[in-house]
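Morning, everyone. I have one structure to walk through today. Please keep it open while I talk.

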Amino acid sequence: YEAKRTRTGHEVYLPERDTHSRRRLELLGELRDALANDELILHYQPKADIATGEVHGVEALVRWAHPRRGLLMPSDFLPLADHSGLGRSLTAFVLDRALVEIGQRRSEGFDLSVAVNLSPADLLDLGLPSDVARTLERHAFPASCLRLEVSEDAVMADPERSLEVLRGLRAIGVATALDDFGSGHVSLGHLKHLGVDEIKIDRSFVLRLAEDERDAAIVHTTVDLGRRLGMKVVAEGVETVEAWDALAVLHCDEAQGFFLGRPMTATALAGWMRDRAAAA
Ligand code: C2E
Ligand code: MG
Ligand code: MG
Ligand code: MG
């Protein structure tokens with residue numbers, strides 16, 4: 001198998017690089033089946049407007065309810081999916097499921113939009129916008145209530161083509177967000193041309209926001225930059241009331257994180273929204 005030797009001489013096992021191991025092949029076969037057998041499930045994490053506290057959006061986050069290994073998190077299987085050409089199928093599955101489940105919440109009267117994370121392969125596929133348009137139509141889900149999140153490094157794999165895919169998404173009325181902003185290799189020049197609607201500040205800058213002046217400076221500047229570029233700015237990884245309050249002072253638009261709510265099933269989300277409305 002492929003392993004990396006650290007300076008101390010220990011080997012770090014990198015399953016996503018390990019193309020031949022039995023475990024990897026086994027997991028890959030299982031992942032293909034999981035897509036077909038409904039073993040992948042979605043949790044939804046709420047996102048709130050910081051000024052009003054209102055929740056109008058959630059982010060769909062995939063989990064694998066593995067029959068023997070328990071609940072697997074994205075970091076356990078996404079690298080494998082991406083390296084094995086399953087990225088597009090995974091997105092198709094997640095998008096479909098998210099539109100069904102949030103469509104149900106919407107028909108119950110909850111005014112919600114949903115954000116879905118794209119895989120790197122999606123941004124290389126010029127057919128993505130028409131696929132997404134068809135899925136929206138199939139579920140009679142308004143395009144304006146869907147947001148697609150892209151990571152900096154997925155964009156940088158092929159900036160030209162990504163730009164075209166993002167343009168296509170805008171043309172069908174779907175909003176886009178640049179995820180984990182500040183943690184990857186997107187330059188300000190790229191940001192200028194990408195035309196995303198939203199910037200999500202990486203949680204590494206948000207976690208200690210109230211205690212670390214350097215983090216506060218970075219968040220402050222990003223909020224300002226987003227505003228001047230006409231983009232909404234969202235902070236992810238808001239874990240404490242102190243971070244929330246600091247974001248309010250900086251006039252950040254929206255916040256997502258354990259302080260507001262953890263990722264939960266679509267059913268739990270309905271109860272959570274009701275409790276929140278009752279408490280307000
Ligand atoms: P992301 O898109 O940046 O999603 C936010 C991640 O941060 C989620 O981890 C969420 O549970 C976690 N998080 C939220 N609030 C807090 C907080 O206050 N503190 C901390 N420490 N963490 C918080 P998760 O669900 O493990 O997902 C990890 C990543 O996997 C996501 O990062 C996203 O890049 C990817 N991912 C998740 N679902 C999908 C999917 O359906 N498709 C694709 N392509 N990628 C996905
Ligand atoms: Mg995301
Ligand atoms: Mg993120
Ligand atoms: Mg993140």
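This is a predicted model: local features need pLDDT of at least 70, side-chain atom pairs count only at pLDDT 80 or more; totals for chains, interfaces and linings use all residues.

Start with the magnesium ions. Take ligand 2. Its protein donors are Glu59 (OE), Asn117 (OD1), Glu149 (OE) and Asp179 (OD).

Now the magnesium ion that is ligand 3. Which residues coordinate it? Asp179 (OD), Asp180 (OD) and Glu236 (OE) do, at 1.9 to 2.4 Å. The spacing here reads D-D-x55-E. Again the site links distant parts of the chain: aspartate 179 in strand β8 and glutamate 236 in strand β10, residues 232-236, are 57 residues apart.

How far apart are the two magnesium ions, ligand 2 and ligand 3? They are 3.8 Å apart, and aspartate 179 bridges them.

What about burial at this site? Aspartate 179 has 8% relative accessibility, so it counts as buried. Glutamate 236 is buried too, at 10%. Aspartate 180 comes out at 27%, so it counts as partly exposed.

Next, the charged side chains. As a general point, side chains of opposite charge can pair when their charged atoms come close. How many salt bridges does the structure hold? There are 19.

One group to look at is a network. Salt bridges link Lys47, Arg147, Glu198, Lys232 and Glu254. Let me zoom in on lysine 47. It lies in strand β3, residues 40-49. Is lysine 47 buried or exposed? Its relative accessibility is 9%, under the 20% cut-off, so lysine 47 counts as buried. Its side chain makes a polar contact of 3.3 Å with that of glutamate 198. Another polar contact, of 3.5 Å, joins the side chains of lysine 47 and glutamate 254. Leaving out residues up to four places away in sequence, lysine 47 also touches others, among them His56, Arg147, Val234 and Leu260.

Aspartate 38 pairs with arginine 97, with the closest N and O atoms 3.0 Å apart. That pair is 59 residues apart: aspartate 38 is in the loop between α1 (22-37) and β3, and arginine 97 is in helix α3. At 48% relative accessibility, aspartate 38 counts as partly exposed.

Glutamate 108 meets arginine 105 at 2.7 Å, N to O. Glutamate 108 is partly exposed, at 41%. Arginine 105 is buried, at 8%.

Arginine 214 bridges to aspartate 212, with the closest N and O atoms 2.9 Å apart. Here arginine 214 is exposed, at 62%. Aspartate 212 is buried, at 17%.

On to the helices. For α3, there is a length check. At 1.5 Å a residue, its 21 residues should span 30 Å. The end C-alpha atoms are 30 Å apart, which agrees. The buried residues of α3 include Leu90, Phe93, Val94, Ala98, Ile102 and Arg105.

Helix α4 covers residues 128-138. Which of its residues are buried? They are Leu128, Pro129, Val132, Thr135 and Leu136. These cover an arc of only 125° around the axis, which puts them on the same side of α4. What covers the buried residues of α4? The cover includes α3 (87-107), β7 (146-151) and α6 (159-171).

Last, the backbone. Most residues other than glycine have a negative phi. Aspartate 180, in strand β8, has a positive phi near 50°. Histidine 251 has a positive phi near 60°. Histidine 251 lies in the loop between α9 (241-249) and β11 (254-256), and counts as exposed at 54%. Just after α4, alanine 140 takes a positive phi of about 50°. After α3 comes glycine 109, with a positive phi near 105°.

That's the tour. Questions, please.

Notes
Residues are numbered from 1 along each chain as its sequence is written. Chains are lettered from A and ligands numbered from 1 in the order in which they are written. Side-chain values use heavy atoms; hydrogens and water are left out. Helices (H or I, at least four residues) and strands (E, at least two) are DSSP runs, numbered from the N terminus. Buried means under 20% relative accessible area, exposed over 50%, partly exposed in between (1.4 Å probe, protein chains only). A polar contact is a pair of N or O atoms within 3.5 Å; within protein, one must be able to donate a hydrogen and the other to accept it, and residues adjacent in sequence count only if both atoms are side-chain atoms. Contact means heavy atoms within 4.5 Å. The arc is that of the directions from the helix axis to the C-beta atoms. Donors are N, O and S atoms within 2.8 Å of the metal (3.2 Å for Na, K and Ca); water is not among the atoms, so sites may look incomplete. The expected span of a helix is 1.5 Å times one less than its number of residues. A salt bridge is a side-chain nitrogen of Lys or Arg within 4 Å of a carboxyl oxygen of Asp or Glu.
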